[in-house]
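Student: I have a structure to read and some terms to sort out. Can we go through them together?

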Amino acid sequence: MNLLEDLQNEFGLTYLFIAHDLSVVEYLSDRVAVMYLGKMAELTTSEELYARPLHPYTKALLSAIPNPDPLVRRKRIVLQGDVPSPINPPSGCRFRTRCPIAYERCTAEEPAFREVVPGHLVACHRAEESTSLMATLVDRGDVTNAVSA
């Protein structure tokens, strides 16, 4: 990882880095695209994504990153249900079958990939309200289990 970063800085390289390890993504990336079933769910700078995720799937992914401090406990968003088939995705929003804040519109209409705040794009009908909706569910314990991270 350090060699990749050194080469990037020395030669001004751009990488398309595909990974599932979000700690590595945060370390290496300037901009991050989060994908779900082959479609972009969110795109922004690394700093913005880790500080203010807007898509419920991104929030769940980030909640699963282990915390190196064994004394710090965090609430984890545990998604329910099975991942749909990418060959035959659900109608509307591809994430709706697992999304804790999905509503009727999510079934009927695929969300546009739109800029919600400058430089921060997201494909979610409820992006502007997702932070408060998810926080309410977490507080109620509807989508989380407290785990040592």
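What follows is a short talk about the terms and the values behind them.

Tutor: This is a predicted model, where local features need pLDDT of at least 70, side-chain atom pairs count only at pLDDT 80 or more, and totals for chains, interfaces and linings use all residues. Residues are numbered from 1 along each chain as its sequence is written, and side-chain values use heavy atoms, with hydrogens and water left out.

Student: Why does Gln8 count as buried?

Tutor: Buried means under 20% relative accessible area, exposed over 50%, partly exposed in between (1.4 Å probe, protein chains only). Gln8 has 16% relative accessibility, so Gln8 counts as buried.

Student: What does Gln8 touch?

Tutor: Leu13, Tyr15, Leu28 and Asp30, not counting residues up to four places away in sequence. Contact means heavy atoms within 4.5 Å.

Student: Why is the pair of Tyr36 and Phe95 called edge-to-face?

Tutor: Rings of Phe, Tyr and Trp (its six-membered ring) pair if their centres lie within 6.5 Å; planes under 30 degrees apart count as stacked, over 60 as edge-to-face and the rest as tilted. The structure holds three aromatic pairs. In the pair of Tyr36 and Phe95, the centres are 5.0 Å apart and the planes stand at 80°, so the pair is edge-to-face. Both Tyr36 and Phe95 are buried. Ring pairs link Tyr36, Tyr57 and Phe95 into a cluster.

Student: What makes the charged end of Arg126 sit over the ring of Tyr103?

Tutor: The rule asks for NZ of Lys or CZ of Arg within 6 Å of the ring centre and within 35 degrees of the ring normal. The charged end of Arg126 is 4.3 Å from the centre of the Tyr103 ring and sits over that ring.
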